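Please read it alongside the sequence and the coordinates.

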Amino acid sequence: MTCEDFKNAIIDRFDTGQDGRLSPECTEHMEHCPECTRYADEMYATAARLQYHLPTRKNTPRSRFIRRLMSAAAALLIFLSGVLTGLSNLFSTSVNAETSRKEFLSNAARHLSNVGNYFVEFETRSTPYETFSHLDATLPFIRMSLRVMHQNDSLFWRMEKENGRTITFDGNQQILWNTNSVVVGNKDVGFLDQWLHPDNLLRRQTMFTDHSDNRKTDMRETDSTIVVTSEGTLNNLEGKDVRYRIENVFTKTTNLLQGVRIWKEHKGDMVLVLRSTECRYNVALTKEDILQPPCRFFTFRQEAEIPSVTATKKQARQLRKETAVQAAERILNALISRHPEQATEALYYYQSELPQLMDGLQGCTVSTFSKPETRKDYSGIIVFFHLTRPDGQTQKRHIALRRDNKYQFWIVDGGL
Amino acid sequence: MTIFPLLRRKADEIKIPDLAAQERSRLLRYACSLLGNRDDAEDAVQDLYIRLCDRPADEKPRNIQSYLYRSLHNLCTDRLRQRPLRTQPAELWTNICDEPPTNNEQELRYVQQLLSTLPPEQAEVIRLRFYGEKSFLEISTLLNTPLSTVKSRFRYGMEKLKNGLFHQSRT
């Protein structure tokens, strides 16, 4: 492939109906032609700079007099701000480096939200059906991707683990495609962890430095990139401090995110648990690309909002009075004794997996329930317990419960 | 995939105002990129709609999409000609590459300013591609221009913008 062929191929990528991926020939050409790599990056960045959001309409037409009046007011304001800037410069201290790094990340987050369409591919140490924020240093890497499309002031996105959990958003509702069930929720439903949400992809990382203890941030520049690294500790599920390091790489000319890497502390070492393998901007995406179901067979479809519960007033009162530990014990015993009807409402999100859950817990016993624990970034609670297997082995497990539903019953949200 | 379901109907069944209504958001973005502000763009799209409703029902243009975008382009050009002198922010006349825009109004003015630096035929292809959300093939039909010409106009236009944005800011 010649450089001219490559440039023509890049132009074709800007046509509608393209998924933004480069052909293997183009990728191969880019590997030994830095000029063409730069050409492609700059073309995508130029297209990104051409995106805009429609400004809101001003309802009242301004008369010429009002425009003149406002021009005069603006001139006065500029004069005053000039005077004040002069004074503030006189009394200002040196620039705070941490603030500038945070400002840089905030600006980059704004850039990212202004880009029309983009595609990010990651590799993450996790399992296909765990939540997207689940990072386990002991697991091998699996592929994960995020596609974001802006169309007519609406946002569409798709977060997908290869052959696993997928979430799509069509501007109004989120759909979670799980192992063999489909859960439909409104736009605010918390299927996707907030820090990975397309609206928050960098904003949350900016906040990471605020929320973590012993934080340390660093910003360094190369010829073509700006690298922002944040390091700090966060509480894990079991309440232990775990050290994380997040590295964001930005293209210098465009301030657009070029790559992300996350390390997590494991047995004293920092282990790479997430790395982006591709970031493409202004890729041509269609609604079908975003919203198509994963290639699997789905047998269950349910609403994220819990449907009407047919409980008597007495039963409802009892369920509301139940503590989290009592609920955890009741739910687990219902599964162990193969009587899930004793916890139907609590197992609503696990309907499609009940047979596997009951098989997995057959012959087990549960004991030593901990006090409910809360986390800063989770609206439910977590109860730890000991699970004793039929062979006598005991494991420390947890169950996540939440009661932010209209009935105020405890509902299992994770852990099982 | 057909983006515009109305186009799948037989030509006789299509009502032009219906199509204009369905295309409204794309027409609005296209007009915004020409006029640089939403108020004027909305007025231009409204004028287009009124003009379409006033047309005799039996008069049907050969290519409705082309007719819509051509008419809107003419309406926007008329508006630009009639526009009285108005105060414009100083940053429009300084180096536009220095600072990225910070709000939607600035973004729009920035885009309009960028595209105004290009030859009109190249800017038109870029507008139709990004704001009209048309494929290169659709643009070639709209403009009655060969597909290869559309692609080369897009490429040269984008390259000029790219060089202006990145190479100028490096120097």
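Of the 12 residues in helix 2 of chain B, 10 are buried, so this helix is largely enclosed by the rest of the structure. The model is a predicted one.

**Chain B as a whole**

- Chain B contains 8 helices and 0 strands, and its elements follow the order α-α-α-α-α-α-α-α from the N terminus.
- Of the 171 residues in chain B, 32% are buried.
- Among contacts in chain B with a separation of 6 or more, 63% join residues 24 or more positions apart.

**Helix 2 of chain B**

- Helix 2 of chain B covers residues 24-35, and its 12 residues reach 16 Å from the first C-alpha to the last, close to the 16 Å expected at 1.5 Å a residue.
- The buried residues of this helix include the leucines Leu27(B), Leu28(B), Leu34(B) and Leu35(B).
- Arg26(B), Arg29(B), Tyr30(B), Ala31(B), Cys32(B) and Ser33(B) are also among the buried residues of helix 2 of chain B.
- Gly36(B), just after the helix, takes a positive phi of about 80°.

**Packing of helix 2 against helix 4 in chain B**

- The axes of helix 2 of chain B and helix 4 of chain B (residues 64-82) come within 10 Å and cross at roughly 30°.
- Because angles under 35 degrees count as roughly parallel, helix 2 of chain B is roughly parallel to helix 4 of chain B.
- The crossing of these two helices is right-handed.
- Helix 2 of chain B contributes Leu27(B), Tyr30(B), Ala31(B), Leu34(B) and Leu35(B) to the contact, while helix 4 of chain B contributes Leu68(B), Tyr69(B), Leu72(B), Cys76(B), Arg79(B) and Leu80(B).
- By class, this contact has 10 nonpolar, no polar and 1 charged residues.

**Packing of helix 1 against helix 3 in chain A**

- In chain A, the axes of helix 1 (residues 3-13) and helix 3 (residues 34-49) come within 11 Å and cross at roughly 20°.
- Helix 1 of chain A and helix 3 of chain A are therefore roughly parallel to each other, and the crossing is right-handed.
- The contact involves Cys3(A), Phe6(A), Lys7(A) and Ile10(A) from helix 1 of chain A, together with Glu35(A), Cys36(A), Tyr39(A), Ala40(A) and Met43(A) from helix 3 of chain A.
- By class, the contact of helix 1 with helix 3 in chain A has 7 nonpolar, no polar and 2 charged residues.

**Loop residues of chain A**

- Lys267(A) lies in the loop between strand 10 (257-266) and strand 11 (269-281) of chain A, and its phi is near 50°, a positive value in a residue other than glycine.
- With 7 other C-beta atoms within 10 Å, Lys267(A) is exposed.
- Thr368(A), a residue other than glycine, also has a positive phi, near 50°; its place is in the loop between strand 13 (365-367) and strand 14 (373-375) of chain A.
- Thr368(A) has 11 other C-beta atoms within 10 Å and is exposed.
- Thr127(A) is found in the loop between strand 1 (117-125) and strand 2 (141-151) of chain A, and is partly exposed, with 15 other C-beta atoms within 10 Å.
- From C-alpha to C-alpha, Thr127(A) and Arg165(A) are 9.4 Å apart in space, although 38 residues apart in sequence.

Definitions and conventions:
Residues are numbered from 1 along each chain as its sequence is written. Chains are lettered from A and ligands numbered from 1 in the order in which they are written. This is a predicted model: local features need pLDDT of at least 70, side-chain atom pairs count only at pLDDT 80 or more; totals for chains, interfaces and linings use all residues. Axes are lines fitted to C-alpha atoms, for helices over the stretch in contact, and angles run from 0 to 180 degrees between N-to-C directions. Helices (H or I, at least four residues) and strands (E, at least two) are DSSP runs, numbered from the N terminus. Angles under 35 degrees count as roughly parallel, over 145 as roughly antiparallel, 65 to 115 as roughly perpendicular and the rest as oblique. A crossing is left-handed if the near helix is turned anticlockwise from the far one by less than a right angle, and right-handed if clockwise. Two residues are in contact if their C-beta atoms, placed from the backbone, lie within 7 Å. Ala, Val, Leu, Ile, Met, Phe, Trp, Tyr, Cys and Pro count as nonpolar, Asp, Glu, Lys and Arg as charged, and the others, Gly among them, as polar. The expected span of a helix is 1.5 Å times one less than its number of residues. A residue is buried if 20 or more other C-beta atoms lie within 10 Å of its own, exposed if 12 or fewer, and partly exposed in between; C-beta atoms are placed from the backbone.
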